[in-house]
Amino acid sequence: MPHTKAWCKTRQVMILIAWMLSWEVGSESIHYTMLEETESGTFVANLTKDLGLRVGELAARGARVVFKGNRHYLKLDPQTQDLVLNEKLDREALCGSTEPCMLPFQVLLNNPLQFYQAALRVIDINDHAPEFPAREMLLKISEMAEPGKIFPLKMAQDLDTGSHSIQSYTVSDNHHFHVLTRNRSNGKKFPELVLDKALDREEQAQLRLTLTAVDGGSPPRSGTTEIQILVLDINDNTPEFAQELYEVQVPENNPIGTLLLTVSARDLDTGSFGEVSYALFQDDGVNEPFVVNSKTGEIRLRSTLDFEAFQSYHVGVEAVDGGGLTGKCSLVVQVLDVNDNAPEVILSSLNSPIPENLPGIIVAVFSVSDADSEKNQEVMCSIDDNLPFLLRPSMENVYTLETDRALDRESRAEYNITIRVTDMGTPRLTTQHTITVQVSDVNDNAPAFTQSSYTLFVHENNSPALHIGTISATDTDSGSNAHITYSLLPTRDPQLDLSSLISINANNGQLFALRALDYEDLQSFEFRVGATDQGSPALSSQALVRVLVLDANDNAPFVLYPLQNASAPFTELLPRAAEPGYLITKVVAVDRDSGQNAWLSFQLLKATEPGLFSVWAHNGEVRTSRLLSERDAPKHRLLLLVKDNGDPPRSASVTLHVLLVDGFSQPYLPLPEVARNPAQEEDLLTLYLVIALASVSSLFLLSVLLFVGVSLCRKPRASALGGCSLPEGHFPGHLVDINGTGTLSQSYQYEVCLGGDSGTGEFQFLKAINPQFPTLESERKTEESSTLRNSFLFI
């Protein structure tokens, strides 16, 4: 038993040693990229897929993510086993000015024990504004300084890198200075103040300017500092350095406090004007890794160096005497490299998609590089063996990716190819770059309509070129193989002229009615449309389209009864003894429209006696509304309206004449005479009234006798007549025809005479009426003896 415990402890120690060594000796490494300041919990990668493991294997083997220093930047989601951010990352806090900012880590699996090397690259965002080392700078400038003299200024610091770093400097408007933005060989920018106009201490002893540094972010950020300029009296000697340029080489792993070199300057002046102090104008601001002793001129390291961040530093050293005059020199610090950077893959071109039937096609051209130098910069490049692609070196650090054989899009339309690049440094570092290649298509699918048949609706009387609907087809191919053209196919109906009815937009399948459709002529029609792709060879399909024409209320009612062109007026008599509800006549009308547009209703618009007659709204029957009296006029004119139920409704009007009689012995009709218009009738009435008033005193007795005689003669004559008697020809006077006013172009007129029999109200449709009148001689006698009665009838 003790022997077994000792063996277990020894095994645990060996596993721990192997795990520690795996930080430095990793054959492969997976790289991930994430923007700094990304929220925690953000998805980073699917480790199961990237490590080629089975689903659930990470959880089963107790996978863990391990960073150096026991940090926990990433974690595994307990539910999905995806790699997610555990905390917000600050690139500047993690890597400072080092670029790229790489955080190596391992994925540790148990049972059996297995390690995977990986790294997380933190990408910089513009989250820092430029910042000067102090809120205020003090410059002492002699009033003897000539225009064009340059005064170095302290640089601002921006913790961001690349295009997010400082790009330019500006100074507030003034009459004496402008600022220049200078570039060092390392790409850093620093400001210099240039004197434009000589200073005069007696005129202005002090100036204040605002210096602004602007970075290249979007939107840009800026920082400012105040420049206080003191104008000094004459001091004609400036400090001078022993040499204008100092150079020194420093390994990037030198400890803080290392002495780099000592600079020295002297001033020929005496007293305070000859006392010299030293200061640095550091290109990279307050976080530059150098510091100078103001008394001795010793320059030492203030922080560690990083070759990948800065290969060299350009530092300005200033010597200031007691009179405020300055001299300057430059210091160049070269940083020596160690192997701490992984290789980088730069894709020059990518050919995607590629034809599916040709081998030996160049898919991509890329180059590899390493920020390190010498042996640390040498690299090896490879791809997976199970892919139909080959990797060929073209020139130094340039490779081409080619197809190894013909590809088949139907079996696989997309390939994800991972390029692995490993440097030759110690330890070896690896970078992976994945490209996606699409396989191009051939035309092997015909267009398919979204519906096998379409039903379209259009209202009649439509405007020409009306859009009545759209058909649509899709093609699962791509490119021109999926571009569809629509067309009308010939119809088998020889009576259907499809080209005059319908047109189609070949590009989008929109259908248009070429002319106005008439429901009464064409209720529906069918045709077929075709969809053809632009592939080679072209493939096509077709669909059935049915167009239904919807009825509109475009036809007014048409009166069939009574007929307008009858040889003689249609006439019936209405006996004065008719009961209420007595059927006088029935108006018959039709409408060519359909549905509710053809539902007709009848209405009495106007009557000589409004309360005497009524019309039934649904069947057009004209009936009496009350009993007749002696005071009712002998002749009545009725205006009837026939209206359909459309929207808006259309109508026609009909004029009816009704003649009242006492029984059927003698109609209230005058003798035939030439027809007069209403104006002539009114003139005659006026004349009769004048004559009657003039002769009333002399003819009163005669008129009474004639009236009694006429009354006595009416009874035997009425009993002698068996029906209604009408004269041939036109009615005179107030019986003149009146045209109907409706929506029809025709006008209608007829007269109705109702008998005094049983009151059945039978229609006398196209029945000729041949009344029996007395002889001409008897008519003349009757006219002479009944002048007063006939006058009453006309009134």
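How exposed is Lys 88? At 44% relative accessibility, Lys 88 is partly exposed. Here buried means under 20% relative accessible area, exposed over 50%, and partly exposed in between (1.4 Å probe, protein chains only). The views below start from this residue.

The model is predicted, so local features need pLDDT of at least 70 and side-chain atom pairs count only at pLDDT 80 or more, while totals for chains, interfaces and linings use all residues. Residues are numbered from 1 along each chain as its sequence is written, and side-chain values use heavy atoms, with hydrogens and water left out.

**View 1. Lys 88 and Glu 39 meet in a salt bridge.** A salt bridge is a side-chain nitrogen of Lys or Arg within 4 Å of a carboxyl oxygen of Asp or Glu. For this pair the N to O distance is 3.2 Å. Lys 88 lies in the loop between β5 (83–85) and α4 (91–95), and Glu 39 in the loop between β1 (29–35) and β2 (43–45), so the pair ties together parts that are 49 residues apart in sequence. Helices (H or I, at least four residues) and strands (E, at least two) are DSSP runs, numbered from the N terminus. Glu 39 is partly exposed, with a relative accessible area of 47%. Side chains of opposite charge can pair when their charged atoms come close.

**View 2. Arg 91 belongs to a network of salt bridges.** The linked residues are Arg 91, Glu 92, Glu 99, Arg 121 and Asp 124. Arg 91 bridges to Glu 99, with the closest N and O atoms 3.6 Å apart. Arg 91 is buried, at 0% relative accessible area. Glu 99 is partly exposed, at 26%.

**View 3. Arg 61 pairs with Glu 57 in a salt bridge.** Their closest N and O atoms are 3.1 Å apart. Arg 61 and Glu 57 are both buried. A search of the whole structure finds 18 salt bridges.

**View 4. Cys 95 and Cys 101 form a disulfide.** A disulfide is a pair of cysteine sulfur atoms within 2.5 Å. Here the sulfur atoms are 1.8 Å apart. The link is right-handed, with 65° about the S-S bond. Cys 95 is buried, with a relative accessible area of 14%. Cys 101 is buried too, at 0%. The count by this rule is one disulfide.

**View 5. Three strands form an open antiparallel sheet in the order β2-β5-β4.** The edge strands are β2 and β4 (74–76), each pairing on one side only. From one strand to the next, the twist averages 40°. Its axes are lines fitted to C-alpha atoms, for helices over the stretch in contact, and angles run from 0 to 180 degrees between N-to-C directions. Two strands pair if DSSP finds at least two bridges between them. β2 and β5 pair over two bridges. Phe 43 has Val 84 in β5 as its bridge partner.

**View 6. Another open antiparallel sheet has three strands in the order β17-β21-β20.** β17 (259–262) and β20 (290–292) are the edge strands. Neighbouring strands are turned by 20° against each other on average, direction ignored. β20 and β21 (residues 298–301) pair over three bridges. Val 291 stands opposite Arg 300 in β21.

**View 7. Phe 558, Leu 560, Val 588 and Val 590 form a nonpolar surface patch.** Patches are made of residues with over 30% relative accessible area and no salt bridge: like charges are joined within 9 Å, nonpolar side chains (Val, Leu, Ile, Met, Phe, Trp, Tyr) within 5 Å. Together the four residues have about 270 Å² of accessible area. Areas come from the Shrake-Rupley method with a 1.4 Å probe; for residues, only the protein chains shown count as cover. β40 (558–561) and β43 (588–590) each supply at least two residues of the patch. Val 588, in strand β43, is partly exposed at 33%.

**View 8. A cis peptide bond joins Thr 426 and Pro 427.** Omega is about -5°. Pro 427 lies in the loop between β29 (414–423) and β30 (430–438). Another cis bond joins Ser 536 and Pro 537, with omega about 0°. Most residues other than glycine have a negative phi, and most peptide bonds are trans.
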